[in-house]
Every structure is written in structure tokens, then in C-alpha cells.
Amino acid sequence: MNVGIDMGTGPEGAPVPMDIEELLATRLLVQGNSGSGKSYLLRRLLEQSAPWVQQCVIDPEGDFVTLADRYGHVVIEGERTDGELVGIATRIRQHRVSCVLSLEGLDIEQQMRTAGIFLNALFDADRDYWYSMLVVVDEAQLFAPSVSGDVSEEARKLSLGAMTNLMCRGRKRGLAGVIATQRLAKLAKNVAAEASNFLMGRTFLDIDMARAADLLGMDRRTAEMFRDLKRGTFVALGPAVSRRPLKVSIGPVETSARSTSPKLTPLPEVGGNVEDLIFTPDADELTRPLPRRPVASARPTTEILAELSKPRPELTPAPAPQSANPRPAQPDMTPEERESLMDQILEEILDNPNAAYRPDGELFQDFLVRCRIRRVPGAALSLSAFRRKMAIARSGVDAQTADSEGWRTALDLSRQVTEDLQGVFLLVAQAALRALPCPSDAMIARAYGTHSARRARRLLGYFEEQGLVVLHSDPFGRRIVAFPDLQAETAPGAADAPPEETRAAAE
Ligand SMILES: Nc1ncnc2c1ncn2[C@@H]1O[C@H](COP(=O)(O)OP(=O)(O)O)[C@@H](O)[C@H]1O
Ligand SMILES: [Mg+2]
């Protein structure tokens, strides 16, 4: 016997059933402009079918997490490692627990990657677990876009591939796709084409109307009726609902219609806590590679960085050195040229006003990637060499001073303090060598990567304790930092000057 769920009412007020078994075999596409009632319709479908069939909702907005309380869906927050996602998806199939993958708060690229990995893992489940499952994807055009957008090619391929698997090859594996989209024209054609059931809601745009007409095999004039549909009203067509176009007003949500006896395989009684069942990782979850579809960024960042920072293999033959094009390998770059290219890269990174407050490790990664892109030859810098470079760059020393004997002494002296303090030391030292006003607390704090003026003052006190500097002040209480070893001292500078003013005064 078939299980028919009640979707709502037809033209004469008669209920409109949807045959779930048929739906499992023939899939469903819902389309309608934003606000036409698609998510409401999906909710109705999910609520009505929850007792009969396992469900998974790919939920970009976290709309469906409310199914958890009433229907026992496990909510899976999308912000997880690839390994975790695969493990959870695998157990979802194994234990046949309904779930909502909430992608709320992730950026679009992460949403695509997460959905792609999760869907692929459902798809790749062991043959023993190929039980029927409704896989509902709201806003499906996000995951199977018809054109490439701003996201990386990798994310797009992953997500589109997973959606294609779901809609085109999922049936044998028990996966039945139910997808909703606000713009048919934005949804990849091959993904839309695999659905045999349609629920068409209000549609304004001609291009979407034309696509709908083509899909449904209607002439375009008939498809005009989609334009005037009210919110919550859809035209249904397909083997699971109606063999001819049928207008349905979607019924209220949070009602249940447990009218008929099931023929679908009954869901198992899950003893104990389902969340424990699903979320407890298995032994190799964190290290398990993605089955069959490994993706580049599933690798650990450290591994990628190691690879990026390997010296580039020499290409043959070496390109003409007069080439202005920076793309070819630059094996005959002199050490000085290499140095200056790295300095330039560093400068670019530090140009970002937020750079001062980003952790060194992060800046270092950024640096390595840029070096790789710009084809800097030779072995990569170590983190500690990078820090030192950064300290020098952050000091704001000018070219002329940087060339002086005094600066070389300052660099030597700076080694007497720890790496994290060298930037501050050099900032003050270059001011002394150039007889500029003593940097303000705010400038010192910034060079140290903090917002705290108190901490900045403590740093100067520390340098004094080390015997590196002598602090004193002019009659107006402005600070002067003297460097005995450099035989230089800063001009007086107000400790509490705001950064711009100090800089302007320094100019
Ligand atoms: N059949 C319906 N009955 C009652 N309210 C509905 C119905 N369909 C949609 N709504 C309401 O209309 C609004 C928009 O519906 P929604 O499903 O979010 O649209 P969409 O997902 O197409 O953008 C929501 O507030 C929803 O509760
Ligand atoms: Mg919606």
C-alpha cells in the first residue's frame, strides 16, 4: 500500500496527496520567487512525511532546525572539519536518523563546501545502508548554480558535483532529492532536469517562466498562470502528485496526517540518545581522507604551506632576464633582488591597517603564499626570520637610515630583546637615529600588536632595565628616549599623542 501524505487542498477543496514512494523514485523540484512559500511547502512536506521516511535537510538559513523538537531531527551545525562531516553523514545513514544540516552563518563558499562534502558522504555510504531517504535542499541554486560566481572553482565543483550525484545518481543509493529554488534560471540545468515532479509557485521573471514551461512540457502561454499565483499556492505536476497540472494550496504546518499504514521500511527504534549516536566520532574520523573525491583544501593547512614554501623546481630554459613579465620563474634573481622582492611583499601585507593586530602566524602564511605567487626563488624564510623582517618593516625606517652604520648597530642591539619586542625597539631606534619625536604610546602599542597604551609604556621601561635605552623628558614633560650605544636620542614627543598627529609631526 502506498503512503500518501497530504500536501494541502486542491481547487474543489479536496486534499492533494503526494505519494512518497513515488516521490522517492521520481524526485521533486519546487520553484517560486522569494516569499512565494517554498520553505513553508518544504516544511509541510517534511512534517507530513517525517513519520514515514528518513530525512535530511540542507538548510542554508537554519530555518528548519525547529523540526528537531517536534520530530526528533538531529541538528548538525555546518562549521566542522571535513572529517567530522563525513563521519556524521556516514552515521546518519547507518542509524537512519533524520537531520538538518544548518549552514547558517557560513559564507557562501563554506556553505557550498560543507553541503558538498556532506551530500557526497551520504552518497558514498556503504551499500548496507542504502535505505530510502529524502534529501531536501532549500535554495538549491546556491549549491548548483548555473553559472560560476565569485566562489572558488573548487567549491563550485564540489558542490555542483554533489548535487548532480544526488539528483542524477542518488536513486539507486536510496537518496531522493527534493530541491527548491527561487530562480529556475539560476539553477544548473542538469540538476533541475532530473526531477519528474514539480511544484511551481509564483514566478515573475519571463526567463524563469520559460524555463519552467520547458521543464514541464507546457507551452509558454499556459505557463503564464504561474505569474498570478498567490503565496502558498503552487501548481503541481508529476507522477507523485498529479498527472496534469493541479493547483494546490499548501496546508498548514505542524499538523500530522498519520492516516495510512506504511509500506516503506519502518524506521528503527533508536535506543538511547540519538545525538550521542551520531556525534560520537569513530576512531579514525579525524584522519580519514575523503572517499574518492579528495579536495585540495581538505588537506591540513600546514601541509599546504609546506608545499607552497618548497623551493620551486627550476624550469628550463631560464627566461630572458630582460622580460618585464614577473610570471616566469626567476632563477637568476640576485640575492639582493630576491631580498627586495620579499621586502616589497612584506610591505604590501603591512599596508593593511589591520595587519598590526593579526597574529604573526597568520601574516606569515599570507607572506608565504604571496612569495609563491610572485615566484620568489630559493628556500622560504623561517617564521623567526620573517618576524625579524617584519620588525624592521614595522619600524618604519627610511632607506637612507637603513643604509647607515647606526642602523646596523640598532639591528644588532635589537637581538638582545625577544622577537616580539624587536619591532618596538627598532621603531624607537629609527626615530632616535633620525632625531624624530619619540613615538607616542599609541604608535608603540600598534608596533607591538596591542591597543593598550599601558603595555606600550611598560615596554620602554623594560628596554631601560635591559640597559638598552635611557628615558627622560624635556621641561614640558615630553618623552625622550636615548640610545647610549647609538649615541642618539629621539626628539621630545608627547606620549599621549594620537597616532596621526605624531606621524604628521614626524614628517
Ligand atoms: N501556505 C501557506 N500558508 C500560510 N502561510 C504561508 C504559506 N506559505 C508561505 N507562508 C508564509 O509566507 C511567508 C513566506 O514564505 P516562505 O516559505 O518563507 O517563502 P520562500 O521560501 O518561498 O521565500 C512566510 O512567513 C510563511 O510563513
Ligand atoms: Mg525560503
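Biologist: To begin, how many salt bridges does the count come to?

Modeller: The count comes to 21 salt bridges. Please bear in mind that this is a predicted model.

Biologist: Take Glu 154. With which residue does Glu 154 form a salt bridge, and how far apart are the closest N and O atoms?

Modeller: The partner of Glu 154 is Arg 113, with 2.7 Å between the closest N and O atoms. Glu 154 belongs to helix H7 (residues 153-169) and Arg 113 to helix H5 (residues 108-123), so the pair ties together parts 41 residues apart in sequence.

Biologist: Is Arg 113 buried or exposed?

Modeller: Arg 113 is buried, its relative accessible area being 13%. Glu 154, at 26% relative accessibility, counts as partly exposed.

Biologist: And Lys 389, which residue does that one pair with?

Modeller: Lys 389 forms a salt bridge with Glu 339, and the closest N and O atoms are 2.7 Å apart. This pair links distant parts of the chain, 50 residues apart, with Lys 389 in helix H15 (residues 383-395) and Glu 339 in helix H13 (residues 335-351). Lys 389 counts as buried at 12% relative accessibility, while Glu 339 is partly exposed with a relative accessible area of 35%.

Biologist: What about Asp 441, where does its salt bridge partner Arg 457 lie?

Modeller: The side chains of Asp 441 and Arg 457 meet at 2.5 Å, N to O, in a salt bridge. Arg 457 lies in helix H20 (residues 453-465) and Asp 441 in helix H19 (residues 441-448), so parts 16 residues apart in sequence are tied together by the pair. Because its relative accessibility is 3%, under the 20% limit, Asp 441 counts as buried. Arg 457 is partly exposed, at 41%.

Biologist: Which residues do salt bridges with shared partners join into one network?

Modeller: That network consists of Glu 348, Asp 366, Arg 370 and Arg 374.

Biologist: On to the nonpolar part. How many residues has the largest nonpolar core?

Modeller: The largest nonpolar core has 55 residues, and those with the most contacts inside it are Ile 58, Ile 92, Phe 118, Leu 122, Met 163 and Phe 226. Helix H5 supplies the largest share of this core, seven residues. Apart from it lies another core of 34 residues, including Leu 46, Phe 64, Leu 199 and Phe 234.

Biologist: What does Phe 226 touch, sequence neighbours within four places aside?

Modeller: Among the contacts of Phe 226 are Met 200, Met 209, Leu 216, Met 218 and Val 235, and also Arg 202 and Thr 203.

Biologist: Let us turn to the ligand. Which residues surround ligand 1?

Modeller: The residues around ligand 1 include Asn 33, Gly 35, Gly 37, Lys 38, Ser 39, Tyr 40, Arg 231 and Ile 250. Helix H2 (residues 38-49) gives the most to this shell, with three residues.

Biologist: How far is an N or O atom in the side chain of Lys 38 from an oxygen atom of ligand 1?

Modeller: That distance is 2.8 Å. For the side chain of Ser 39 the figure is also 2.8 Å, and a polar side-chain atom of Arg 231 lies 3.1 Å from an oxygen atom of ligand 1. Taken alone, ligand 1 exposes 550 Å², of which the protein buries 65%.

Biologist: Lastly, where does Ser 98 lie?

Modeller: Ser 98 is in the loop between helix H4 (82-95) and strand S6 (99-102). A polar atom of the Ser 98 side chain lies 2.9 Å from the backbone nitrogen of Gln 55. Ser 98 counts as buried, at 11% relative accessibility.

Conventions. Residues are numbered from 1 along each chain as its sequence is written. Chains are lettered from A and ligands numbered from 1 in the order in which they are written. This is a predicted model: local features need pLDDT of at least 70, side-chain atom pairs count only at pLDDT 80 or more; totals for chains, interfaces and linings use all residues. Side-chain values use heavy atoms; hydrogens and water are left out. Helices (H or I, at least four residues) and strands (E, at least two) are DSSP runs, numbered from the N terminus. Buried means under 20% relative accessible area, exposed over 50%, partly exposed in between (1.4 Å probe, protein chains only). A polar contact is a pair of N or O atoms within 3.5 Å; within protein, one must be able to donate a hydrogen and the other to accept it, and residues adjacent in sequence count only if both atoms are side-chain atoms. A salt bridge is a side-chain nitrogen of Lys or Arg within 4 Å of a carboxyl oxygen of Asp or Glu. A nonpolar core is a set of buried Ala, Val, Leu, Ile, Met, Phe, Trp, Tyr and Cys residues joined through side-chain atoms within 4.5 Å. Contact means heavy atoms within 4.5 Å. A residue is near a molecule or strand if one of its heavy atoms lies within 4 Å of it. Accessible areas come from the Shrake-Rupley method with a 1.4 Å probe; for residues, only the protein chains shown count as cover.
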